[in-house]
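Here are a few notes to read alongside the model.

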Amino acid sequence: MSRKNQTLGEFIIENQTSFKYSSGELSRLINSIRLAAKVVNHEVNKAGLVDIIGAAGDTNIQGEDQQKLDVYANDKFIQTLTNRNIVCGIASEEEDDFISINSQDENNQNKYVVLIDPLDGSSNIDVNVSVGTIFSVYRRVTPVGTPVTLDDFLQKGSQQVAAGYVIYGTSTMLVYTTGDGVNGFTLNPAIGTFYLSHPDMQFPKDGKIYSVNEGNYIHFPQGIKDYIKYCQKEEGDRPYTSRYIGSLVSDFHRNMIKGGIYLYPKSSMNSNGKLRLLYECNPMAFLAEQANAKASDGFTRIMDIEPTELHQRVPFVCGSKNMVEKCESFMREAQ
Ligand code: AHG
Ligand code: MN
Ligand code: MN
């Protein structure tokens with residue numbers, strides 16, 4: 001039984017037996033993420049104080065500038081999971097290829113792979129706006145003790161065992177699911193402990209907030225344009241409020257608490273949108289569905305999409321059930 005104010009450590013132990021294939025391995029994994037989150041949180045919080053802000057000078061495989069904290073967060077999460085010998089493979093938005101962690105060693109019984117977006121919303125760091133970390137966990141499909149392959153990472157979102165995010169906001173929170181609802185833990189920075197502050201999080205079925213980069217409006221598909229006009233129309237409980245932070249974790253978190261929809265559609269510039277299926281959309285979709293909400297690409301459930309490459313992008317519509325369904329109906333009509 002989860003209790004408000006219990007620590008994340010206590011919660012993990014108490015809930016271990018409810019995991020489908022419990023061997024303590026997933027608990028150790030969540031514990032490692034908790035540790036890495038605290039380390040990254042410490043660094044994010046002093047970003048304004050030290051000379052750590054700004055581009056690291058590299059670009060990642062997708063041609064985007066890497067920020068110093070992107071690299072730092074990437075290294076910390078990979079190091080923590082590697083040093084503790086917790087997983088057999090990691091894929092990261094910031095790495096060109098997946099990483100095998102002693103997976104070829106026949107004594108290595110670790111069966112999980114982790115996919116991460118180490119720092120989400122990184123362009124917000126320079127302006128002191130919330131950023132996050134997103135993670136997604138799968139059971140490997142190839143046998144333990146053999147090298148991990150691309151197949152272990154290219155699994156449908158519906159195969160996820162756990163997913164979550166850390167939000168480095170006005171307070172730092174770790175929000176995650178292991179397929180049995182969504183729970184949110186807030187960090188008490190004075191003692192470095194996460195406490196259960198948001199048990200059993202649920203999206204309201206309806207909402208009044210829409211989050212989309214409207215600067216791209218002219219490039220959006222007709223169905224999305226029609227839905228945005230619907231949100232702005234004066235009728236019933238509309239017009240809705242527009243809120244866009246530009247960091248998926250933060251926009252999602254607010255929408256989950258208040259009710260709302262997040263959209264990153266395809267456009268005439270990006271034929272598949274911008275967000276990455278494996279590092280961003282699938283984990284957020286798993287959380288959304290576990291919190292009584294929906295995630296689709298406008299037509300298809302995100303977690304049913306068969307991935308074909310590690311850094312694949314997809315259009316993303318996610319949030320309160322009735323809002324996502326309304327948007328999907330505009331998409332169908334415009335086809
Ligand atoms: P990342 O920092 O990991 O590259 O992700 C940024 C993503 C997402 O968090 C955010 O909602 C979106 O990009 C913002 O994109 P636009 O600036 O194009 O609106
Ligand atoms: Mn991101
Ligand atoms: Mn990122």
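1. A word on metal donors to begin with: they are N, O and S atoms within 2.8 Å of the metal (3.2 Å for Na, K and Ca), and since water is not among the atoms, sites may look incomplete. With that in hand, the donor residues of the manganese ion (ligand 2) follow the sequence spacing D-x2-D-x159-E. They are Asp-117 (OD), Asp-120 (OD) and Glu-280 (OE), lying 1.8 to 2.2 Å from the ion.

2. Some housekeeping before going on. This is a predicted model, where local features need pLDDT of at least 70 and side-chain atom pairs count only at pLDDT 80 or more, while totals for chains, interfaces and linings use all residues. Residues are numbered from 1 along each chain as its sequence is written, chains are lettered from A and ligands numbered from 1 in the order in which they are written, and side-chain values use heavy atoms, with hydrogens and water left out.

3. Now the other metal site. Glu-93 (OE), Asp-117 (OD) and Leu-119 (O) coordinate the manganese ion (ligand 3) at 2.2 to 2.3 Å, with the spacing E-x23-D-x1-L in sequence. Which residue coordinates both the manganese ion (ligand 2) and the manganese ion (ligand 3)? Asp-117 does, and the two ions are 3.8 Å apart.

4. How accessible are these donors? Here buried means under 20% relative accessible area, exposed means over 50%, and partly exposed is in between (1.4 Å probe, protein chains only). Asp-117 counts as buried because its relative accessibility is 0%, and Leu-119 counts as buried at 2%. Asp-120 is buried as well.

5. On to the rings. Rings of Phe, Tyr and Trp (its six-membered ring) pair if their centres lie within 6.5 Å; planes under 30 degrees apart count as stacked, over 60 as edge-to-face and the rest as tilted. That rule gives twelve aromatic pairs. One of them is Phe-11 with Tyr-176, an edge-to-face pair at 6.3 Å centre to centre and 85° between the planes. Helices (H or I, at least four residues) and strands (E, at least two) are DSSP runs, numbered from the N terminus. Phe-11 is in helix α1 (residues 8–15) and Tyr-176 in strand β8 (residues 172–177), so this pair ties together parts 165 residues apart in sequence. Phe-11 is buried, with a relative accessible area of 6%, and Tyr-176 is buried, with 4%.

6. A tilted pair is formed by Tyr-230 and Phe-330, with 5.4 Å centre to centre and 50° between the planes. Tyr-230 belongs to helix α5 (residues 222–232) and Phe-330 to helix α8 (residues 321–334), 100 residues apart. Both rings are part of one aromatic cluster of Tyr-227, Tyr-230, Tyr-240 and Phe-330. A charge sits over a ring if NZ of Lys or CZ of Arg is within 6 Å of the ring centre and within 35 degrees of the ring normal. The charged end of Arg-238 sits over the Tyr-230 ring, 3.7 Å from its centre.

7. For the strands, two of them pair if DSSP finds at least two bridges between them. Strand β15 (residues 316–319) has Phe-316 and Cys-318 pointing one way and Val-317 and Gly-319 the other, and all are buried. Strand β13 (residues 261–264) runs antiparallel to β15, with four bridges joining them. Strand β14 (residues 294–296) is also antiparallel to β15, over three bridges. Gly-319 is the bridge partner of Ile-261, and Val-317 is that of Ser-296.

8. Last, the charged pairs. A salt bridge is a side-chain nitrogen of Lys or Arg within 4 Å of a carboxyl oxygen of Asp or Glu, and the count comes to eleven. Among them, Glu-289 meets Arg-301 at 2.8 Å, N to O. Arg-301 also forms a salt bridge with Asp-304, the closest N and O atoms being 3.0 Å apart. Asp-304 counts as partly exposed, at 39% relative accessibility.
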